[in-house]
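Student: Can we go through this one together? I'd like to keep it quick.

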Amino acid sequence: MSGTVLTRPAASAAGSAPPPRRRTLPRLRKQARPWLLLAPALLVIGTLLVYPLGRVVWLSVQDYGLRNVVSGESDYIGADNYVRLLSEPYLWQIALPNTVVFAAAAVGGTVVFGTLVALLLRTLGPVVRTIVISCIMVAWAMPAVTGTYVWIWIFDVDRGIVRQALVALGLIGADGVNWFTERLTFYAIVTLNIVHHGFPFVAVTVLAGLLTVPRELYEAAMLDGAGAWQRFRHVTLPTLRPVFAVVTILSTIWDFKVFAQVYLMPGGSGSNMEVLNLGVWSYIRSFGRQEYGLGSAIAVMLTLMLLAITIVYLRALFRDEELR
Amino acid sequence: MTTRAPRRRARRTGHTLAKALAVAGVLLFTLFPAYFMVVSAASVRTTSGTDALLPDALTLDSFRYVLFDAGFLTYLGNSLYVALVTVAGSSLLALFAAVAVARFRFRLRTTVLLMVLVVQMVPLEALVIPLFLQVRDLQMLNTLLGLSIVYIALSLPFAIWMLRGFVAAVPVDVEEAAYIDGASWGRMFWSVLLPLVAPGLVATAIFSFITAWNEFILALTFLNEDDKFTVAVGLRQFYGQFTTDWASVMAASTVVTLPVMVFFLLVQRGLAAGLVQGAVKG
């Protein structure tokens, strides 16, 4: 009873107060609206992507092992993890070359093959082109995990189709060859897997670019007596420079952080240290050997390399066009 | 004149033939793994690669065995749950965020957009260690919900990028007309904007679905009980157990691949555009 009496004046006071505020309130609400809409997404991205990114940097300067996972405490050791990492021959002889050389080969293969397919697609009639594009998409749609198993099966050491074909042709002996143990052959298979999975994106994107190049440019070049290669070199390449920049850089980013395609291969999950790249090495160091600090340092290194590539990417994208 | 015409025709035939061969080569290379996977799974005898290549007869035995006897149905259920939670969460959050960046001019807008773009480039290998500790602290290791929440975060940046384009494509006049008719902002959002961006929302939802369905490294780290595995991790388990039984591994792979392929072919047009133009268009 007394409660209602007490609250009523307060409520009416609140009701009578607004008049001077009323003019600013809608504006304030309008200003707050984008932030209210953004808030849930930013909260999720912040706590689950940005904060962990900060934490991995923090972990990389800690001595963080299984003991620390249990207790939650850790010891700050400064740059020790990085010093250890950079003085490890394994980084320079195995992990880094595996990452960089493989990425270079895979990106080169993906972009060159994708471009060739795009050039081929341009010469086709619309119906055939649509059919071929749909078929190409099947390769892109293949999940990394199942795609990798299919390639392992194709190259199976005992009963795989490639081995049987090579034995039948007399190119290898009846004992066969274990291509999964050798670094070079291991990564040749990974590269095949990645090029197969990655070229459709390049082909479709470059084709979209090719279709925007005015036909007159080619006709003029042909009148000047330019051959197919010269037309590509002097007309297509300069016109599509931004497109090539985007597909190359995106492919580079993807190929640097290849994980499942290496981890799932025989020996790729740690039993064959010869074949690990930076990502898989970081994972095995952390979760296999419980050296979370050192694993984080490797991960930070990988991220920094990708960040450098990303900056190049953003500059290529926004050179002319300002982000509005 | 009489000799030139046939020669030109011959050259043209040669040209067409070369082109047909090139197309056949490309198709062979692209489709072979998918064909080989399905045929290995469905062949009555998959004891070796050449046996599987051209099967004598087809059977669904491997599929039946994989799904009902080997427990792959559980993994499929888990993956479906995780994917649906991810789709629901990321579509809703991405829609709100996309409307904010596409329809409002506010301070720090460019900063937010750049952050969304850059955060996509962060390798999962760098996030897996802190995320593992974070999810462990929340006691959500080994739960499908914990995994789904992380997947929402993973699929959000790309979903926002894609939806932004779709929202921006809706003419502002349509919104203004709704206001003139006396609609509030909320009413305009639900009855005008939402139906118009629905196709974009479907595309975004499919990408989130594929992200959650295919993800491997986090599922591998977070889940360690057999009955909680998603398909990506379950398949690995499966491969370890049946190293010699390629028919089963390929049958399981086919089951995992099929829904992704169907969805992917539905939205493939949007993907390349989203990856390239989404970043370039204002």
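Student: What share of chain A counts as buried?
Tutor: Of its 324 residues, 39% count as buried. Buried means that 20 or more other C-beta atoms lie within 10 Å of the residue's own; exposed means 12 or fewer, and partly exposed is in between, with C-beta atoms placed from the backbone. This is a predicted model: local features need pLDDT of at least 70, side-chain atom pairs count only at pLDDT 80 or more, and totals for chains, interfaces and linings use all residues. Residues are numbered from 1 along each chain as its sequence is written, while chains are lettered from A and ligands numbered from 1 in the order in which they are written.

Student: What pLDDT does chain A average?
Tutor: The average is 87, and 90% of the residues score at least 70. pLDDT is the predictor's confidence in each residue, from 0 to 100. Over residues 1-20 of chain A, the pLDDT is below 50. That stretch has zero contacts in the model beyond near neighbours in sequence. A contact means two C-beta atoms, placed from the backbone, within 7 Å.

Student: How many helices and strands does chain A have?
Tutor: It has 15 helices and two strands. These are DSSP runs, numbered from the N terminus: helices are H or I with at least four residues, strands are E with at least two.

Student: Now phi. What is the phi of Gln290(A)?
Tutor: It is positive, about 55 degrees, although Gln290(A) is not a glycine. Most residues other than glycine have a negative phi. Gln290(A) is in the loop between helix 14 (278-288) and helix 15 (292-317) of chain A.

Student: Why does Gln290(A) count as partly exposed?
Tutor: Because Gln290(A) has 15 C-beta neighbours inside 10 Å.

Student: What about Leu108(B): buried or exposed?
Tutor: Leu108(B) is exposed, with 11 other C-beta atoms within 10 Å. Its phi is also positive, about 70 degrees. Leu108(B) sits in the loop between helix 4 (72-103) and helix 5 (109-119) of chain B.
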